[in-house]
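The sequence and the model come first.

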Amino acid sequence: MNGLEKPRRYFAIFAISCGTALMVMDGALPNVALPTIARELNIDPSSAIMIVSVNQLVLVMALLPFSALGGRIGLRRMYQLGLCLFIAASLLCFFAPNFPLLLAARALQALGAAAALSVASALLRSIYPTRQLGRGIGINTVIVASAGGLAPILGGYIVSEVDWHWIFVASAPLGLLSLAVGQRALPDVERHGQTISPLGALLSALTFGLIISGLLALAGGHHLPTSLTVLLLGVLVAAVFVRRELRQAAPILPVDLLANRVVALSFISAQFAFIASMTFVLSLPFRLQEHFGFSPSEVGTAVAPFPLAMMVSAPLAGMLSDRYHPAILGCIGMAIATAGMLLLALLPEGATQLDIAWRMAVCGTGYGLFFAPNAKLIITAAPIEHAASAGGLIATNRLAGQALGAALVAALLAAGHGSDSSPALLGAVLTFLAGICSIARLSSRVTAPSGPNGE
């Protein structure tokens with residue numbers, strides 16, 4: 001594939017970058033504000049985590065159905081419809097007067113984000129020439145890291161200086177920019193024309209929704225029999241869903257791609273990495289404010305080096321992935337991240353912002369070396385007609401990991417360990433496992449599944 005011609009390619013990259021930054025900032029901005037929101041809405045900290053987990057739950061439920069629908073109605077149309085819904089829901093979050101309505105608006109935000117994110121990776125594959133795809137994914141990771149680095153600083157400032165409701169609309173101008181530029185610049189990828197099964201979409205949503213809801217209920221200490229029933233029902237629905245997808249010509253869940261050992265290991269290692277990052281990033285504001293006495297703005301400044309370090313290491317990893325095996329880069333990255341997690345777990349009493357910042361930078365460097373090569377391997381393994389499904393699966397994997405991380409934090413907070421070193425120690429174990437899965441890919445080769453025409 002030759003990608004888009006210049007200068008249209010640059011405008012398309014700009015549009016995707018603005019949309020990506022919008023989604024990342026929306027995911028990261030509320031984290032710093034959670035203790036403040038909990039206090040002002042008079043809810044306990046474990047309930048405040050629902051502001052993040054409800055958003056992630058709806059995202060995970062909707063991503064795969066939207067990615068399949070995007071291949072039918074057009075990737076560009078799906079992406080921009082998602083942005084429109086997201087911006088409208090952001091305004092609802094801003095005006096939400098209470099906790100239940102805020103959660104409902106966050107769910108609508110998640111639907112918009114799911115529609116856009118489900119096709120973003122497939123759009124990237126059409127924007128960049130094949131020989132530059134690794135570099136392109138690295139650049140996209142830089143955008144993610146930059147937005148993630150700005151979010152805690154901006155979030156800390158908003159919570160300290162103005163009303164916390166502003167965190168939900170602070171990034172909305174990026175969505176308007178993406179809409180304006182992307183209308184002409186984004187590629188209108190050929191539609192596959194295949195019918196999307198409503199039953200398959202429902203089973204997909206129920207699979208992720210029930211399993212993650214059950215885990216969240218268990219983590220929150222809710223009624224044990226009910227929580228286990230929801231979880232078990234989710235597992236049963238998942239079995240029916242996967243069995244059905246194996247017989248479909250155009251599956252919502254790309255089971256043929258997951259049958260590849262290298263791709264499966266890539267998803268497993270990424271899942272461990274996502275759970276680890278969410279566990280320690282979401283718990284850190286509570287630890288820094290409750291144990292070390294940091295203000296919200298100081299928390300934002302201390303956390304920012306994590307994504308900023310990713311901004312430096314990700315493009316390097318993206319370029320290297322065009323020449324070297326992603327398994328090696330991923331293993332090195334997770335080894336560095338494990339060291340950073342252990343350093344965070346062993347913070348000294350009276351730790352300063354600098355003590356935390358350089359440890360966060362170590363973690364961010366490791367994650368930057370891991371994610372871009374991992375994503376490139378998965379995207380290039382899929383045939384072009386399954387690009388949207390592969391991209392949706394990448395986003396689903398990321399958000400499922402983050403939702404599980406949020407559930408772990410809620411459980412740790414409920415048990416009284418969310419603001420100590422436990423989340424960082426758990427994160428170190430998970431990044432170590434991610435590194436093991438990454439290096440295991442060296443023994444296998446990636447083979448892309450055949451398209452319908454044997455291509």
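On a 1 Å grid over the protein atoms alone, a cavity is a set of points where a 1.4 Å probe fits but cannot get out, and lining residues have an atom within 4 Å of a point. The model is predicted: local features need pLDDT of at least 70 and side-chain atom pairs count only at pLDDT 80 or more, while totals for chains, interfaces and linings use all residues. Residues are numbered from 1 along each chain as its sequence is written, and side-chain values use heavy atoms, with hydrogens and water left out.

**Second largest cavity**

- The structure holds three cavities of 30 Å³ or more.
- The second largest cavity has a volume of about 50 Å³, a volume being the space filled by probe spheres set on the grid points, which are joined across faces, edges and corners.
- Its lining consists of F280, S283, L284, R287, L344, D420, P423 and A424.
- Two or more lining residues come from each of α11 (261–290) and α17 (422–440); helices are DSSP runs of H or I with at least four residues, numbered from the N terminus.
- The largest share, four residues, belongs to α11.
- By class, the lining has five nonpolar, one polar and two charged residues (Ala, Val, Leu, Ile, Met, Phe, Trp, Tyr, Cys and Pro count as nonpolar, Asp, Glu, Lys and Arg as charged, and the others, Gly among them, as polar).

**Second largest pocket**

- A pocket is an open set of points with protein on both sides within 12 Å along at least five of seven lines.
- The second largest pocket has a volume of about 380 Å³.
- It is lined by 18 residues, of which F208, L393, T396, N397 and A400 are the closest to its centre.
- At least two lining residues each are supplied by α8 (198–219), α9 (224–245), α10 (255–258), α11 and α16 (387–414).
- α16 gives the most, with five residues.
- The lining of this pocket has 14 nonpolar, four polar and no charged residues.

**Helices α1 and α4**

- The axes of α1 (residues 8–40) and α4 (residues 75–95) come within 12 Å and cross at roughly 40° (axes are lines fitted to C-alpha atoms, for helices over the stretch in contact, and angles run from 0 to 180 degrees between N-to-C directions).
- α1 is therefore oblique to α4, as angles under 35 degrees count as roughly parallel, over 145 as roughly antiparallel, 65 to 115 as roughly perpendicular and the rest as oblique.
- R8, A15, I16, G19, T20, L22, M23 and D26 of α1 meet R76, Y79, L83 and F86 of α4, contact meaning heavy atoms within 4.5 Å.
- The residues of this contact divide into seven nonpolar, two polar and three charged.
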